[in-house]
Amino acid sequence: MDLKQIDLLLNNSLPDIAPEGFTCVRLTGDASARSYFRIQDCAGTTSCILMQMPEPFRETDFAYLQNYYLLRDAGIPLAEIYRTLPERGIVYLQDLGDFTFYELFSTWDPQTQLRYFLKSLEYLHKIETLPPVNHLAFDTEKFLWELNYFRKYFLESLRGVNLSEEENQELQHCFERLCKEIAENISVYSHRDFHSRNLMVHQDQVFVIDFQDARLGPITYDLASLCYDSYIQHSPEFRKNLERMFFIHHPDAHIERFEYPRVCLQRNLKALGTFGYQTMVMGREFYLQFVPPTLSYVKEHLEKLPDYHAFKKILQAYIPELRNS
């Protein structure tokens, strides 16, 4: 959609009422509070995406815009921003279509899968070299909040677990230890949600979306998101290929053997909290299908962390999928 057409849309009551000659269709969103709409001319020849934020924003401190310019200038393909209406919380974006890696992965042959994921790994390496655009960062407190989110919405809400006071204390102790250990090296810029539903293919080019929450984090955080993706499950061989390519750039045994499995564990537990929240609070049962593969990852991570035996024991007592068969 050209900018003249976009300008014609600005004074209309979109997304509530489409102007004459256009249609406005709400799209299936992600797990965030944002809403997305496709604005298309009635001939179906041109379109754009309207992103509706939950509230107005100021362009000077709008994280989406800050990260957009940072990543774009680093050469990472993003949906072009056409126009913004900050007072209405609206951003008009280039329409990249409907296909993320999540939808496309099963249709690709192994060579195509590897080609697109290696391109994503290339973007990851670019992102990690960028300077922060704000003060957002992972730290012990943030990681701990996410693990308590897992306790509240996955264990207690979705699975109906009622921990004893002693178990709660022990679980909190394990949470705090894990968070402190992975917060020791918050050193690179991280996308924060670098997984298959935030990577798109448009005209055979890989685009990155949903980057507004980027922040300083552990070196392996985005790698954990990419390799232990709840939405698509890689074969062990495929995952090892990605990890091997990553650690060529980061030849540090401590990062690979100590930080990485702990980051993977925290990341997947946080994802389970999200699935619990989306199911029990938002009524989106779509996310339930991603619980089993994510639990299989958690089981794998715990096997690599024998010094977290107490943590494993508590989780196994209430999550049958984590027990040895």
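Here are a few friendly questions and answers about this predicted model.

User: How compact is the protein chain for its 325 residues?
Analyst: The secondary structure of the chain comes to 11 helices and 9 strands. The globule rule gives 20 Å for 325 residues, and the chain is close to that, so it is as compact as a globular protein of that length, with a radius of gyration of 21 Å.

User: Which residues of strand E7 lie on each side, and are they buried or exposed?
Analyst: In a regular strand, side chains alternate between the two faces of the sheet. In E7, which runs over residues 199–202, Leu199 and Val201 take one side, while Met200 and His202 take the other. Both faces are covered, and these four residues are all buried.

User: Which residue in the turn between E7 and E8 has a positive phi?
Analyst: E7 pairs with E8 (residues 205–208) in the antiparallel sense over 4 bridges, and His202 stands opposite Gln205. The two strands form a hairpin with 2 residues between them. In that turn, the residue with a positive phi, about 55°, is Gln203.

User: Where in helix H9 does the kink lie?
Analyst: H9 covers residues 253–280 and reaches 40 Å from its first C-alpha to its last, close to the 40 Å expected. Still, there is a kink of about 40° shortly before the proline Pro261, at Glu259.

User: Which residue's side-chain oxygen reaches the backbone nitrogen of His254?
Analyst: This contact sits at the start of H9, a helix that is mostly covered, with 21 of its 28 residues buried. The oxygen comes to within 2.9 Å of that nitrogen, and it belongs to Asp252.

Key. Residues numbered from 1 in each chain as written. Predicted model: local features only at pLDDT ≥ 70, side-chain atom pairs only at ≥ 80, totals over all residues. Heavy atoms only, no water. Buried < 20%, exposed > 50% of the residue type's maximum accessible area, 1.4 Å probe, protein only. Pairing = 2+ DSSP bridges. Expected span 1.5 Å × (residues − 1). Bend = angle between axes of the 7 residues up to and from the residue. Polar contact = N/O pair within 3.5 Å; in protein donor to acceptor, adjacent residues only side chain to side chain. Rg over C-alpha atoms; globule rule 2.2 N^0.38 Å.
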